[in-house]
Amino acid sequence: MTTQDAGEKKLRPARTNATKQKLFEASMELIGERGAAGVTVDEIAAAAGVSKGTVYYNFGSKSDLIAQLLRHGVDILLARLLSVKDSSADPLAAMDEMIGQAMDFMAEYPSFARLWVSENWRTPSEWQDTFAELRGRLLEVIGAAIEGVAGRYDVDESISQGSLETAIFGACFVVGLDRQTYNPERTREQSVAAIMAIMRGYVRK
């Protein structure tokens, strides 16, 4: 390997991260308009201001690009959810803020939510394994927050925690997306309160 090759490889991760964010934002806008199947690599590259060759060099194929962009979006969402960890002495208040962070993410990236909802339950999906992995990561964070509530409050133990995790998880995507698409007048607080009603039903009075 030449010195030049070594230098290029050192630069590649940082360059890829910057490129990935550009591609994420550009592709989410295009996918929101026409769906993943209706968007070409050429269009994504042009919208991101990078060459088609750069896309293939960093990601290989359109399928790999979408998979990596799904990961990138979930990384952004997870960082926001985890930013409220231990920020409140009350685990219910922390859960409230966590759901608020999810609503903010859906408002900023509604096309990501559309892609997730449209493709996640499609059988078979081209990205089924990727969705399964990313879903597990999100559910793990939600589950930890639910366990925090259960550790502080008297809760209804007849309710399956797995089902509760799924209910919160699904509600964040559907309520957040519904607000952006059909009910823009609905406030962030109203959306959060509706999802929190699920958690408050879990806590015994």
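A nonpolar core is a set of buried Ala, Val, Leu, Ile, Met, Phe, Trp, Tyr and Cys residues joined through side-chain atoms within 4.5 Å; buried means under 20% relative accessible area, with a 1.4 Å probe and protein chains only. The model is predicted, so local features need pLDDT of at least 70 and side-chain atom pairs count only at pLDDT 80 or more, while totals for chains, interfaces and linings use all residues. Residues are numbered from 1 along each chain as its sequence is written, and side-chain values use heavy atoms, leaving out hydrogens and water.

**Nonpolar core**
- The largest nonpolar core has 63 residues, of which Leu23, Phe112, Trp116, Leu138, Phe173 and Met199 touch the most other members.
- Helix α4 (residues 62–82) gives the most to this core, with 10 residues; helices are DSSP runs of H or I with at least four residues, numbered from the N terminus.
- Beyond four places in sequence, the contacts of Trp116 include Val74, Phe131, Leu138 and Phe173, where contact means heavy atoms within 4.5 Å.

**Thr130**
- Thr130 belongs to helix α7 (residues 128–152).
- Its relative accessibility is 12%, so Thr130 counts as buried.
- Not counting residues up to four places away in sequence, Thr130 touches Ala67, Leu70 and Arg71.

**Helices α2 and α3**
- Helix α2 (residues 41–48) and helix α3 (residues 52–59) pack at an angle of about 105° with their axes 8 Å apart.
- The two helices, α2 and α3, are therefore roughly perpendicular (65 to 115 degrees).
- Val41, Asp42 and Ala45 of α2 meet Lys52, Val55 and Tyr56 of α3.

Conventions. Buried means under 20% relative accessible area, exposed over 50%, partly exposed in between (1.4 Å probe, protein chains only). Axes are lines fitted to C-alpha atoms, for helices over the stretch in contact, and angles run from 0 to 180 degrees between N-to-C directions. Angles under 35 degrees count as roughly parallel, over 145 as roughly antiparallel, 65 to 115 as roughly perpendicular and the rest as oblique.
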